[in-house]
Amino acid sequence: MDDLLLNINGAALHTRTSGNETLLSVLRNQFHLTGTKYGCGEGQCGACTVLIDGVARRSCLTRVSSAAGARITTIEGLESNGVLSPVQQAFLDEEAFQCGYCTAGMILSVTALLREHPHPTDQQIIEYMDGNICRCGTYPRIVRAIKRASQGREKEGTDHANR
Amino acid sequence: MPTDELSLELAQDEIRDRLHWFRLDRRDFLRLCAGGLLVVLEGASATAQEAGRGFREQELPKEVSAWVHIDEDGKVTIFTGKVEVGQNIRTSLAQLVAEELRVPFHAITMVMGDTDLTPWDMGTFGSRSTPTMGPQLRMMASTARQMLVEAAAQRWKTDSSKLLAADGRVINPKSRQSLTYGEITRGEKLTQTVSGDPPLTPTSDWKVAGTALGKVDGSDFVTGKHQYPSDITRPGMMFGKVLRPAGFNAKLISLDISAAEKMPAAQVVRDGDFVGVIAADAWTAEQALSSIQAKWNVPAQISNQELFDHIRNNPDSEGEGPQHTSGSVAHAMAGADVKLEQHYTVQYIAHAPLEPRAAVAEWNGDKLTVWTGTQRPFGVRDELAETFRIPARRVRVIMPDMGSGYGGKHTGECAIQAARLAKAADKPVKVVWTREEEFTWAYFRPAGWIEIHSGAQRDGTLVAWEHHNYNSGPSGIETPYNVANQVIQFHPTKSPLRQGSYRGLAATANHFARESHMDELAHALGVDPLEFRLKNLTDPRLRAVLQAAAERFGWGRAKSAPGLGFGIAGGVEKGGYVATCVEVEVNAARKKVRLSRVVEAWESGAIVNPDGLRNQIMGAVVQAIGGALFEAIQFKNGRILNPHFAQYRLPRFSDVPEIDIVLIDRKDLPSAGAGETGIVGLAPAVSNAIFAATGTRLRNMPMAVSGELTS
């Protein structure tokens, strides 16, 4: 068993566990940060995506020991002072989800994407996001949300009719 | 949904013989809703749901199907056994209630899928929530509104016809008096059963219903706050894992649990061939499970290679569907100018909901509570009651809005496992299936073999149609085209894999076969495929979607050419009318296909929420891409060979074409469900477009398993 100090969403959290346990398991089962989801356990679906030092990582493939000392950001850490991040707001404005189970992983991947490419091309979006699965098939709306967030657009009224 | 189709849907459920019905105790909910105003609907009413009908010769109890409660603060709560799985029914049903009750949308709370709190419901499948629960809730809300107006009229000693209800208040426009609903219900105990046909607000007057409201509690889904079944935590909760056999129909030969038993933090539970482990943390539970050494004897079983021979040669006469016949196919074929005979196949595919099955079970004395993801909370309750031999009233199943199902979460295996382990642990236990378990131990969309034999006159008139579906199912099997001579039949077979419900059921397979075959006939006749369909079609609603899709797509404006093909298909099922046009690009040398553009036109009566509907139809199109092009379960000797996302490819960002959805809002028609039928048009349209681009006809789904066109 290892004693580890983790920096999660700006808080220093202590855990005593096998360093081989996945970060996903520690986040969900020890710290009850259940916004990060299990989808496949093999880095194929992106539902477990978190930011480690600002980079999108699959927490299901990340040993918790390797994340010690790094800045870990989960979906619970994106709001600031109760205000949604621009990416969260864009997903909400575009209603870019159905069941919402993939949404946290999508939002964290998009957050990292926009950090790397503030105004991504369609091709950059596809290449960056192709590891995130939305089984409900809301991809076109997610692309719209990415563009909305990248353009910093405000909500354009409530007419969703021409989506 | 006709009762026969409902029973067929349930027949695909594998647990039909274990369905039991329990009468809800009326006193329970009257106690629950102690004060305020309560309106209930009896199942025997004209628009009642299936609960009130006979089913498999059983007369089901007359049931209360849902109720509306307004508390003494004016808070409106709707209780329904339907569940939210991403189809947005929580939002759209609340819109219908807000409309009839004249309250702000946000004043409504929906309590759904909790077997202790909501009335019995068969389940959320078959696109029935909108057409059955919708009108029921509207009737209850309308009745409640009338009661509120009457109560205010009595208080003001005036005629109720002079009063209005708006924005959660009853208003007397003349005297300018006004009472909130809470002020009217406070200190009262008003209950009423809906009788007759209360007046419903005409859809043309809708102000809340029919609009593009966002998902209820949408912000909880972008902040991670929403608690899915797999997120539920209980005080003192343990984590459980279950030992899986090495294949289907395997027998346990030897078991060594010594290593797991030496782990101080883990407990092994053995009950016959059921072996599970429990630990205080998830990681230890996983380690304990992987330390168990088990040997299994797995019998030789068939693989994909023998699948279709097996399906054709293993009839299950017990469930043989009715044969639909008219005229004489043989006679008409003898006189037909053009005759075609083809067969089509579909492989087993997986639902692959992103949230695998999950359950948290907790025993309090002899009462069992289970939080689990299911489309049939009452069905799972009954499975649990039967498994643990306790009365259903001592089992409570709670269904938090889940990470979807697509027809794949009807059964209660995970709930049973969690409950069994919780019984042994004497503590709450959570079980979450791995992706591999979800791929292996759930059930699949049925594979199918479909034969079509047809004949047409030189002028394009369809004269004979014979359609046989082996195994995949009867949904959408009947042709919407005018054919005087028909034989149409579903032939159930002994499926080698466990199979069950799926979004659209067999309608996808039957539409793939029929709409591909129609295209083949059109080409054999040298007629444009759209023109050929319209020539043999009178149903105005199907004609309208075909024409709408064709118009938006620009059908006929450009001709297909080598490497670039256009395809069209249409159909109707479960009250939803769909037409799909696609454009594909085929690299003939590399046999690569790319879907570049889709237009889908949709009509399902009056639209309750255009944004939610658009989302559903778009999602159905995207999901359809997988089954059309690359999804297939590979299996051999009782094992699934591709139980991971790395091997079982799902549609991803890079697979998504430009998608244009055309919605037709028929305010003059009742609203039908829209979660399923949007999936049926894509595969045949793609097949037809590939033929237009290459001259090669693909009759087997999926059509490009490893990214390359198959044959």
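Tutor: Let's start with a definition: helices are DSSP runs of H or I with at least four residues, strands are runs of E with at least two, and both are numbered from the N terminus. What you're looking at is a predicted model, where local features need pLDDT of at least 70 and side-chain atom pairs count only at pLDDT 80 or more, while totals for chains, interfaces and linings use all residues. Residues are numbered from 1 along each chain as its sequence is written, and chains are lettered from A and ligands numbered from 1 in the order in which they are written.

Student: Which domains is chain A divided into?

Tutor: Domain bounds come from an automatic or database domain assignment. Here, chain A splits into domain 1 (2-74) and domain 2 (86-151). Their centres, taken over C-alpha atoms, are 21 Å apart.

Student: How many residues of these two domains of chain A are in contact?

Tutor: Two residues are in contact if their C-beta atoms, placed from the backbone, lie within 7 Å. In chain A, 13 residues of domain 1 are in contact with twelve of domain 2. On the domain 1 side, strands E3 (49-52) and E4 (55-58) each supply at least two residues, and E3(A) gives the most, with three.

Student: What classes of residue does that side of domain 1 of chain A have?

Tutor: Ala, Val, Leu, Ile, Met, Phe, Trp, Tyr, Cys and Pro count as nonpolar, Asp, Glu, Lys and Arg as charged, and the others, Gly among them, as polar. That side of domain 1 of chain A has seven nonpolar, five polar and one charged residues.

Student: Now the two chains: how many residues of chain A are in contact with chain B?

Tutor: 47 residues of chain A are in contact with 48 of chain B. Elements of chain A giving two or more residues to its side include helix H1 (23-30) and helix H4 (103-116). By class, that side of chain A has 21 nonpolar, 18 polar and eight charged residues.

Student: What about chain B itself?

Tutor: Chain B has 18 helices and 31 strands. Its radius of gyration is 27 Å, close to the 27 Å that the rule gives for 711 residues, so chain B is as compact as a globular protein of that length.

Student: How do helices H3 and H4 of chain B cross?

Tutor: Two packed helices are described by the angle between their axes and the distance between the axes. Axes are lines fitted to C-alpha atoms, for helices over the stretch in contact, and angles run from 0 to 180 degrees between N-to-C directions. In chain B, the axes of H3 (residues 89-101) and H4 (residues 129-156) come within 8 Å and cross at roughly 30°. Angles under 35 degrees count as roughly parallel, over 145 as roughly antiparallel, 65 to 115 as roughly perpendicular and the rest as oblique, so H3(B) and H4(B) are roughly parallel to each other.

Notes:
Rg over C-alpha atoms; globule rule 2.2 N^0.38 Å.
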